[in-house]
Amino acid sequence: MRMAVSVGKKDLSGLVDDRFGRCPYFMLCDSEDVEGTAEWKDNPALASTGGAGIAAGEFLDREKVKVLITGSLGPNALRVVQASGVSAFSAPGSMTVLESVRAWATGTLPAITAAGQAHAGER
């Protein structure tokens, strides 16, 4: 299954970025072989003047992502992600990319079912 993690740097040992629409990068991979399929994509929404969460959600839809790991989603991003059929999960910013994927695989990451407080570029 194709998955994405919001990240601050291009490194599997890097930390999950709490932001979705304004994270610098997304790590995309196949959930069955994270290390062998990891690829890093610049977040095209990073420099957006508005609607970054929507643009990031649309980007992930074009990339055929089905699972998203991030800190939280604002209300508009949540709507776009859910409409695309993506299952979103929350990981703390203190967790590495690999730790977050492993936590997802064991079912220990909470699903994001409601919009978080931070959005519109806030931390």
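Visitor: Which residue does the side chain of lysine 41 meet in a salt bridge at 3.8 Å, N to O?

Guide: Please keep in mind that this is a predicted model. A salt bridge requires a side-chain nitrogen of Lys or Arg within 4 Å of a carboxyl oxygen of Asp or Glu. The N to O distance here is 3.8 Å, and the partner of lysine 41 is glutamate 39.

Visitor: In which parts of the chain do glutamate 63 and lysine 41 lie, and how many residues apart are they?

Guide: The side chains of these two residues meet in a salt bridge, at 3.6 Å from N to O. Glutamate 63 is buried, with a relative accessible area of 18%. The pair links distant parts of the chain: glutamate 63 belongs to the loop between H2 and E4, lysine 41 belongs to strand E3, and they are 22 residues apart.

Visitor: How many residues apart in sequence are the parts tied together by lysine 10 and aspartate 42?

Guide: Lysine 10 forms a salt bridge with aspartate 42, and their closest N and O atoms are 3.7 Å apart. Lysine 10 lies in the loop between E1 and E2, whereas aspartate 42 is in strand E3, so the pair ties together parts whose separation in sequence is 32 residues.

Visitor: What is the order of the strands in the open sheet?

Guide: Strands of a sheet pair through backbone hydrogen bonds, either parallel or antiparallel. In this sheet of five strands the pairing is mixed. One example is E2 (residues 25-30), which pairs with E3 in the antiparallel sense over four bridges. The order is E3-E2-E1-E4-E5.

Visitor: Which strands stand at the edges of the sheet?

Guide: A strand at the edge has a single partner strand, so one of its sides is left without a neighbour in the sheet. The strands in this position are E3 (39-42) and E5 (87-90).

Visitor: Which strands does helix H2 touch as it packs on the sheet?

Guide: Helix H2 covers residues 52-62, and its direction makes about 25 degrees with that of E2. The strands that H2 touches are E1 (2-7), E2, E3 and E4 (67-70).

Visitor: Within what arc do the buried residues of H2 fall?

Guide: An α-helix has 3.6 residues a turn, so residues three or four places apart point the same way. In H2 the buried residues are Ala52, Gly53, Ala56, Gly57, Phe59 and Leu60. Seen down the axis of H2, they line one face of the helix, because they fall within an arc of 155 degrees.

Visitor: What is the phi of lysine 64?

Guide: Most residues other than glycine have a negative phi. Lysine 64 lies in the loop between H2 and E4, and lysine 64 is exposed, with a relative accessible area of 59%. Its phi is a positive value in a residue other than glycine, near 65 degrees.

Visitor: Is tryptophan 104 buried or exposed?

Guide: Tryptophan 104 has its place in helix H4. Among the residues it touches are Met3, Val67 and Phe89. The limit for the buried class is under 20% relative accessible area. Tryptophan 104 has 19%, so tryptophan 104 is buried.

Visitor: What distance separates the C-alpha atoms of tryptophan 104 and serine 31?

Guide: Along the chain these two residues are 73 residues apart. The separation of their C-alpha atoms is 9.6 Å.

Visitor: Which residues are linked into a cluster by ring pairs?

Guide: Rings pair if their centres lie within 6.5 Å. By this rule there are two aromatic pairs. The cluster linked by ring pairs consists of Phe20, Phe26 and Phe59.

Technical notes:
Residues are numbered from 1 along each chain as its sequence is written. This is a predicted model: local features need pLDDT of at least 70, side-chain atom pairs count only at pLDDT 80 or more; totals for chains, interfaces and linings use all residues. Side-chain values use heavy atoms; hydrogens and water are left out. Two strands pair if DSSP finds at least two bridges between them. Helices (H or I, at least four residues) and strands (E, at least two) are DSSP runs, numbered from the N terminus. Contact means heavy atoms within 4.5 Å. Axes are lines fitted to C-alpha atoms, for helices over the stretch in contact, and angles run from 0 to 180 degrees between N-to-C directions. Buried means under 20% relative accessible area, exposed over 50%, partly exposed in between (1.4 Å probe, protein chains only). The arc is that of the directions from the helix axis to the C-beta atoms. Rings of Phe, Tyr and Trp (its six-membered ring) pair if their centres lie within 6.5 Å; planes under 30 degrees apart count as stacked, over 60 as edge-to-face and the rest as tilted.
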